[in-house]
Amino acid sequence: MAGLLALSRTIDRVNEFIGRWVSWLILLAILVSAANAVIRKTFDMSSNAWLELQWYLFGAAFMLAAAYTLKQNDHIRIDIVYGMFSRRVQHWIDLLGHLFFLMPFVTLMVIYFVPYVSLSFRSGEMSNNSGGLIIWPAKAILLVGFFLLALQGISEIIKKIAIMRGDMDDPTPFISVHEQAELEAKALAEEVRS
């Protein structure tokens, strides 16, 4: 299990680095959008390439940060139902969800995206929009994003098994929205008192 946990830590570090780095792509997308708007309004000229670049940047941030979101346990789940169960049952729900839903989905996406990206790259596929960008980088970002999500899924499965076996502490203990609000209220009350 020690070797698998080392692998999990490596995957976590890689996705942590990528997730923090790609957050800057949102700022870059905003700057491109603002520059495009200023140039369009000031000089009455623009290009579809600027709009597509915004989409590429936002899509890259979304796809490349998906694995980081899973690592941080910030993905969407129905907490009202999930929170009714004991933490052990929650771990089982997470493990089975990763094994039977996440991993088959991301595996299929990676398998199907390889020829999709390859064909786009070899053909030099371009946007249908006048002055648009080449398409294969956007498709490659999808492939990389699903690959990173698959790796993070493996890491999460390893960690869930280790937690359930008692080989490691839970790095992301579940706190319901209600409990989180109570904790924040208590912290705020303590801050006001001091």
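An axis, in these legends, is a line fitted to the C-alpha atoms of a helix over the stretch in contact, and angles run from 0 to 180 degrees between N-to-C directions. The model shown is predicted.

**Figure 1. Packing of helix α1 against helix α2.** Helix α1 spans residues 2-43 and helix α2 spans residues 48-64; their axes come within 8 Å and cross at roughly 160°. Angles over 145 degrees count as roughly antiparallel, and α1 and α2 are therefore roughly antiparallel to each other. The crossing of α1 with α2 is left-handed. On the α1 side, the contact is made by I18, V22, L25, I26, L28, A29, V32, S33 and N36. On the α2 side, W50, L51, L53, Q54, L57, F58, A60, A61 and L64 take part. Of the residues in this contact, 15 are nonpolar and 3 are polar, while none is charged.

**Figure 2. The salt bridge between E16 and K71.** Side chains of opposite charge can pair when their charged atoms come close. In the whole structure, 9 salt bridges are found. One of them joins E16 to K71, with the closest N and O atoms 2.9 Å apart. E16 belongs to helix α1 and K71 to helix α3 (residues 66-71), so this pair ties together parts that are 55 residues apart in sequence.

**Figure 3. Packing of helix α5 against helix α6.** Two packed helices are described by the angle between their axes and the distance between the axes. For helix α5 (residues 87-123) and helix α6 (residues 136-165), the angle is about 155° and the axes are 8 Å apart. This angle makes α5 roughly antiparallel to α6. The two helices, α5 and α6, cross in a left-handed manner. Their contact comprises 27 nonpolar, 4 polar and 6 charged residues.

**Figure 4. Packing of helix α1 against helix α6.** The axes of α1 and α6 are 9 Å apart, and the helices pack at an angle of about 135°. The arrangement of α1 relative to α6 is therefore oblique. The crossing of α1 with α6 is left-handed. Helix α1 contributes L4, L5, L7, S8, I11, D12, N15 and I18 to the contact. Helix α6 contributes L148, L151, Q152, I154, S155, E156, I158, K159 and A162. By class, this contact has 10 nonpolar, 4 polar and 3 charged residues.

**Figure 5. Segments annotated as transmembrane regions.** An unreviewed UniProt entry places the feature "transmembrane region" at residues 21-39, 54-71, 92-114 and 134-155. In the model, residues 54-71 are 94% helix and 0% strand, and the end C-alpha atoms of this span lie 26 Å apart. Residues 134-155 are 91% helix and 0% strand, with 34 Å between the end C-alpha atoms.

Key:
Residues numbered from 1 in each chain as written. Predicted model: local features only at pLDDT ≥ 70, side-chain atom pairs only at ≥ 80, totals over all residues. Heavy atoms only, no water. UniProt positions renumbered as here; feature names shortened; annotations may be inferred. Helix = DSSP H or I, 4+ residues; strand = E, 2+ residues; numbered from the N terminus. Parallel < 35°, antiparallel > 145°, perpendicular 65-115°, else oblique. Left-handed = near helix turned anticlockwise from the far one by under 90°. Contact = heavy atoms within 4.5 Å. Nonpolar A, V, L, I, M, F, W, Y, C, P; charged D, E, K, R; others polar. Salt bridge = Lys/Arg side-chain N within 4 Å of Asp/Glu carboxyl O.
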